[in-house]
Structure formats: structure tokens, C-alpha cells
Amino acid sequence: MAFWTDATNKDPKRKYRFTVLITGLATSAELWYAKSVTKPSVSIGSTEHTYLNHKFYYPGNVEWNEVTLELVDPVSPDAAGQMAELLAKSGYPSPATPESPVTISKRNATAGALQAVVITQIDADGNDIEKWTLRNAFITGVDYGDLSYGDEELSTISVTMRYDWATLEDSTGKKYWGSN
């Protein structure tokens with residue numbers, strides 16, 4: 001039976017019911033200041049084979065697309081400072097100390113900085129109904145926003161992340177694309 005015909009049935013998933021968790025932050029709590037996030041998405045390449053007048057297509061490599069997280073920048077905790085700290089943990093040292101031989105590495109960016117990134121959709125009662133865990137995620141871009149005297153909006157920060165793959169866990173506990 002469709003959800004709109006039975007009021008006792010479950011609601012559909014709602015876009016505004018979500019949490020984001022990044023365990024690499026100083027306070028490994030859900031980011032209450034997450035304004036929006038794109039859920040993981042997959043692109044499947046294809047290859048073409050021509051035989052006489054015909055074209056045949058075959059599936060190719062799977063690529064997980066980048067995820068973008070938009071954060072409101074509160075005074076405390078300072079989201080701008082937290083993103084700068086994650087970049088430093090990834091291996092990006094201050095250019096003010098050129099003698100430092102440290103550079104960004106995947107090990108530092110994934111295990112040392114972000115550790116785990118989890119996007120969870122919740123129901124009206126706060127129960128998990130869909131959980132995405134980004135595997136080997138690292139930051140590929142941080143946009144600290146802009147300022148304007150003519151704008152009363154809250155300051156935001158946009159963070160782009162790349163990852164190797166994502167694990168999806170549904171409301172029944174079934175996991176897709178890995179068990180870890």
C-alpha cells in the first residue's frame with residue numbers, strides 16, 4: 001500500500017531529516033551546523049564496440065562521485081578552524097615554515113584527518129533509516145564563503161570530499177558494498 005493512502009504506514013524519506021558525522025574533528029559529534037550534504041552517487045562508464053552497422057555497449061568502470069557538505073560557520077565550534085585543522089592533519093603544513101618536509105598523503109588525509117564520514121537519514125522519531133559511510137574519504141576542496149554588507153544570511157563553508165566507495169546500510173540493517 002502506498003504511503004500516502006495509509007496514515008499508519010511509514011512516512012517517505014524527508015530531505016531535511018539527516019545528520020553528518022566526521023570523527024576526525026576535535027569533537028566527534030554529529031555536525032549540528034551541517035546545512036546540506038549531497039549523498040553519494042555512482043557513475044558507470046561504458047565502452048562501445050562497433051560491428052558492421054551495429055553498435056554494442058558494455059558497462060565499464062564504476063566511479064563514486066564527490067560529495068559536497070555545506071556548513072553554517074558558528075562561532076563555537078568554529079567550522080572554519082575545524083576545516084583548517086583537518087587540512088593540517090592531512091599533511092598540509094603552513095607555508096610559513098618551508099623547512100617542514102611534510103606533504104599531503106592519503107594515509108594522513110583518510111586515517112589521520114577525516115577518519116570516518118557518515119551521512120544518516122533519520123525518521124521523525126530520530127531513528128536511522130539510511131546510513132552512508134564514505135570509505136577512505138579525504139578533502140579535495142574547502143570554500144570559506146564570502147562576506148557582504150548587503151546580506152543578512154549566515155556565513156557558510158563548502159567542503160568537497162572524494163572517497164573510494166561508500167557503504168549503504170538500510171533501515172533493516174542490510175549493508176551494500178561492504179560490511180565494514
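How do the residues of the lining of the largest pocket divide into nonpolar, polar and charged? They divide into four nonpolar, two polar and eight charged. Here Ala, Val, Leu, Ile, Met, Phe, Trp, Tyr, Cys and Pro count as nonpolar, Asp, Glu, Lys and Arg as charged, and the others, Gly among them, as polar.

Before we go on, note that this is a predicted model, in which local features need pLDDT of at least 70, side-chain atom pairs count only at pLDDT 80 or more, and totals for chains, interfaces and linings use all residues. Residues are numbered from 1 along each chain as its sequence is written, and side-chain values use heavy atoms, leaving out hydrogens and water.

Let's visit Lys13. Lys13 is partly exposed, with a relative accessible area of 47% (buried means under 20%, exposed over 50%, partly exposed in between, using a 1.4 Å probe and protein chains only). Leaving aside residues up to four places away in sequence, Lys13 touches Gln121, Ile129 and Glu130; contact means heavy atoms within 4.5 Å. Lys13 and Asp123 lie 110 residues apart along the chain, yet their C-alpha atoms are separated by 7.1 Å.

Now look for the core. The largest nonpolar core has 30 residues, and Leu31, Leu69 and Leu71 have the most contacts inside it. Such a core is a set of buried Ala, Val, Leu, Ile, Met, Phe, Trp, Tyr and Cys residues joined through side-chain atoms within 4.5 Å. In soluble globular proteins, nonpolar side chains tend to be buried together. Among the residues that Leu71 touches, not counting those up to four places away in sequence, are Leu31, Tyr33 and Met83.
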